[in-house]
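Here is a short report on one chain. Take the overall view and then the individual residues, with the model at hand.

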Amino acid sequence: MGNLIALPVFGIILTIICYFIGFRVGKLVHSPLTNPMLIANALVILIVCVTPLSLEQYMAGGSMITMFIVPATTILALRIYRQRSLLRANIIPILLGCLAGSFASIGSIALLCRLFSLDTAVTLSMLPKSVTTAIALELSVKNGGLGGLTVSAVIVTGVFSASISPFLIRLFKLKDPVAAGVALGASGHAIGTAAALEQGEIQGAMGGIAIGIMGIITSLIFIFL
């Protein structure tokens, strides 16, 4: 068993199995708490905590999963291209929505960090929480933030958004697929967009657009910090 755990492929297989369990549970029980990403993350953390499997052993294979983030994100370009006419017709509301989302995200984190008297490094680590990991890491580390904390903040933000946003969309009866997609992409980056894809082609495409715009706006805001 020890030799099996030591293999890098073990982390990959474990991740896939945990996600599959989360996917099946999400299909059986429709609830914000049965998001596949949320369940998969909870299962992996539980297994690492209660079994002889160490975090380093898991990450030897689990980190390989992250290599698929770039190609998976690139595929969104195809969905955006298919919705280009809808994008042209709604470009101003989309830009304004992402602008509001960026300021709300950064402003709320800055306010809470000041309220709890957190130091500058911690604040800078969490400010870019609503953009993709690659952009968030670059912005955080270059400005004196902590890379590990930034990655954690990005993941927690994405999972929380993907879990709670569909519930909020139903609660506020948000029926416009463009608005729903932008909301999911702007609040939960790639993980939120994955949840948007489950709602429909238009929602997924708008979520993909929101990821890019949020990255640009957040990068511009960081210039003035």
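Is Ser-140 buried or exposed? Ser-140 is buried, with a relative accessible area of 0%. Keep in mind that this is a predicted model.

**The surroundings of Ser-140**

Ser-140 sits in helix H9, which covers residues 133-142. Leaving aside residues up to four places away in sequence, Ser-140 touches Leu-124, Ser-125, Pro-128, Gly-145, Leu-146 and Thr-150.

**Overall fold**

The chain has 12 helices and zero strands. Read along the sequence, the pattern is α-α-α-α-α-α-α-α-α-α-α-α. The radius of gyration of the chain is 18 Å, close to the 17 Å that the globule rule gives for 225 residues, so the chain is as compact as a globular protein of that length. Along the principal axes, the C-alpha trace spans about 55 × 45 × 30 Å.

Of the 225 residues, 39% count as buried. The chain exposes about 12600 Å². Carbon and sulfur atoms supply 75% of that area. Now take the contacts between residues at least 6 apart in sequence: 63% of them join residues at least 24 apart.

Charge is the next topic. The chain carries 12 positive and 6 negative charges. Their mean positions are 12 Å apart.

**Cysteines**

How many disulfides does the structure hold? The structure holds zero. A disulfide is a covalent bond between the sulfur atoms of two cysteines. The cut-off used here is a sulfur pair within 2.5 Å. For Cys-18, the closest cysteine sulfur is in Cys-49, 12 Å away, and that is too far for a bond. Seen from Cys-49, the closest cysteine sulfur is in Cys-18, again at 12 Å and too far for a bond. Cys-18 is buried, with a relative accessible area of 3%. Cys-49 counts as exposed, at 61% relative accessibility.

Most residues other than glycine have a negative phi. Ser-117 has a positive phi, near 55 degrees, and is not a glycine. Lys-173 is not a glycine either, and its phi is positive, at about 55 degrees. The table gives their places in the chain.

| Residue | Loop between | And |
|---|---|---|
| Ser-117 | helix H7 (91-115) | helix H8 (120-126) |
| Lys-173 | helix H10 (147-171) | helix H11 (177-199) |

What is the relative accessibility of Ser-117? The value is 63%, so Ser-117 counts as exposed. Lys-173 is exposed too, with a relative accessible area of 65%.

**Leu-87 in helix H6**

Where is Leu-87 placed? Leu-87 lies in helix H6, residues 84-89. Which residues does Leu-87 touch, not counting residues up to four places away in sequence? Leu-87 touches Ile-80, Ile-94 and Ile-209.

**In brief**

The predicted model shows a chain of 12 helices and zero strands. Ser-140 in helix H9 is buried at 0% relative accessible area. Ser-117 and Lys-173 are exposed, and each has a positive phi.

Note on methods. Residues numbered from 1 in each chain as written. Predicted model: local features only at pLDDT ≥ 70, side-chain atom pairs only at ≥ 80, totals over all residues. Heavy atoms only, no water. Helix = DSSP H or I, 4+ residues; strand = E, 2+ residues; numbered from the N terminus. Rg over C-alpha atoms; globule rule 2.2 N^0.38 Å. Buried < 20%, exposed > 50% of the residue type's maximum accessible area, 1.4 Å probe, protein only. Contact = heavy atoms within 4.5 Å. Areas by Shrake-Rupley, 256 points an atom, 1.4 Å probe, with all protein chains shown as cover. Lys, Arg positive; Asp, Glu negative; His and termini not counted. Charge placed at Lys NZ, Arg CZ, Asp CG, Glu CD.
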